[in-house]
Amino acid sequence: MAGLTDSAFRRLVKRHGACGHVVSEMVSSEALVRGLGRSLEYLAFTEEERPVSIQIFGGDPARMAEAARLVEARGADGVDVNMGCPVPKIARHSAGCGLMREPAHAAAIVSAMARAVAIPVTVKMRAGWSAREVNAPEIARRVADAGAAAVTVHGRTAEQAYRGQADWDLVARVAQAVSIPVFGSGDLMDAQQIVDRLRTTPVAGVLVGRGILHNPWLIAQAADELAGRPARVVAAGDRRRFLLEYIDLLAAEASGAYRPDVHDRWVVNKLRALCGYYTKGFEGGPRLRAAVNQAPSVAALRALIEEFFGAPAA
Ligand SMILES: Cc1cc2nc3c(=O)[nH]c(=O)nc-3n(C[C@H](O)[C@H](O)[C@H](O)COP(=O)(O)O)c2cc1C
């Protein structure tokens, strides 16, 4: 999830019991091919995260194929094409969800990628561009014919962004339209919803987005329920430990030449973004979020988290 998840977060979620395939935040194919900025860092993952796909976006078939080769060379288990991003600066340029308005072009991109690499090429899409342009079944058929190994459908249109509710009937229609695996996405905020969607929709699996930012144990809890066990209980101490471990992992990534002025800011910004979701609905959450936003250092950040979730007994 762009701006929110990263390798450290994915590692931790797995350490805390999540199973399944993880996908990186989206990265520009153009930036990857040209080696621009920090784009190559997005290709980094650890063995703990596997199976892992790297998601790329772009509108040029040759560039997307070249970026897919880079992803494959890094050893990822799959490469995912973003056809869901609604942000105009991406969607306007025949990329992200903009590709859903150009079915032949979308298929050409997948075809070029599938010919370029041996790892599975998968596609993440929305319901369509707008309520008048709901075409996920057609796009799924096109990309499946072009060589996609699986698709994930977030049942909202680009115009909806995150408003309204995800259309799981549409997800089911896509699953019935193609023979490749279809995964459903949208509004899976608790373990029971995950179990219900898996049981009532003909999907191969589900993708969890915002829910995992609020509750990193969500997938583990759903797996418990699917296995007929009571869902594990998450205590304040678990939530405290998760954030502190996340800070440690982030700080370790910067450890080569740790510069408090640069890296503390970076870690604080990461936690700022996460805490908006992580503490939503918790009493005192807005107060913690405001304090985190002002935290001058990682040490101050740690103290705030320990105070909020209760420091461990000495
Ligand atoms: C802040 C944010 C960043 C996201 N970044 C990505 C992304 O990089 N790639 C992607 O395919 N989907 C991205 N999504 C969409 C999610 O993968 C998911 O499809 C959507 O949020 C609906 O599922 P949810 O209700 O479980 O969050 C993002 C969503 C949010 C809220």
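The model is predicted, so local features need pLDDT of at least 70 and side-chain atom pairs count only at pLDDT 80 or more, while totals for chains, interfaces and linings use all residues. Residues are numbered from 1 along each chain as its sequence is written, and side-chain values use heavy atoms, with hydrogens and water left out.

**The second largest pocket**

- The second largest pocket holds about 520 Å³ of space. A pocket here is an open set of points on a 1 Å grid over the protein atoms alone, where a 1.4 Å probe fits and protein lies on both sides within 12 Å along at least five of seven lines. The volume is the space filled by probe spheres set on the points, which are joined across faces, edges and corners.
- Its lining has 22 residues, and Asp-6, Glu-41, Tyr-42, Trp-266 and Lys-270 lie nearest the centre; a lining residue has an atom within 4 Å of a point.
- By class, that lining splits into 10 nonpolar, four polar and eight charged residues. Ala, Val, Leu, Ile, Met, Phe, Trp, Tyr, Cys and Pro count as nonpolar, Asp, Glu, Lys and Arg as charged, and the others, Gly among them, as polar.
- Domain 1 (7-226) and domain 2 (236-309) each give the lining at least three residues, with bounds from an automatic or database domain assignment.
- Helices α1 (7-15), α11 (236-253) and α12 (260-278) each supply at least two lining residues. Helices (H or I, at least four residues) and strands (E, at least two) are DSSP runs, numbered from the N terminus.

**Helix pairs**

- α11 and α12 pack at about 150°, their axes 10 Å apart. That makes α11 roughly antiparallel to α12. Axes are lines fitted to C-alpha atoms over the stretch in contact, and angles run from 0 to 180 degrees between N-to-C directions.
- α8 (191-200) and α10 (218-226) pack at about 55°, with axes 8 Å apart. That makes α8 oblique to α10. Under 35 degrees counts as roughly parallel, over 145 as roughly antiparallel, 65 to 115 as roughly perpendicular and the rest as oblique.
- The α11 and α12 crossing is right-handed, and α8 also passes α10 in a right-handed crossing. Right-handed means the near helix is turned clockwise from the far one by less than a right angle.

- Most residues other than glycine have a negative phi, and most peptide bonds are trans.
- Arg-50 and Pro-51 are joined by a cis peptide bond, omega about -5°; Pro-51 sits in the loop between α2 (29-34) and β3 (52-57).
- Ser-94 has a positive phi of about 50°, in the loop between α4 (88-91) and α5 (103-116).
- Asp-187 has a positive phi near 70°, in the loop between β7 (182-185) and α8.
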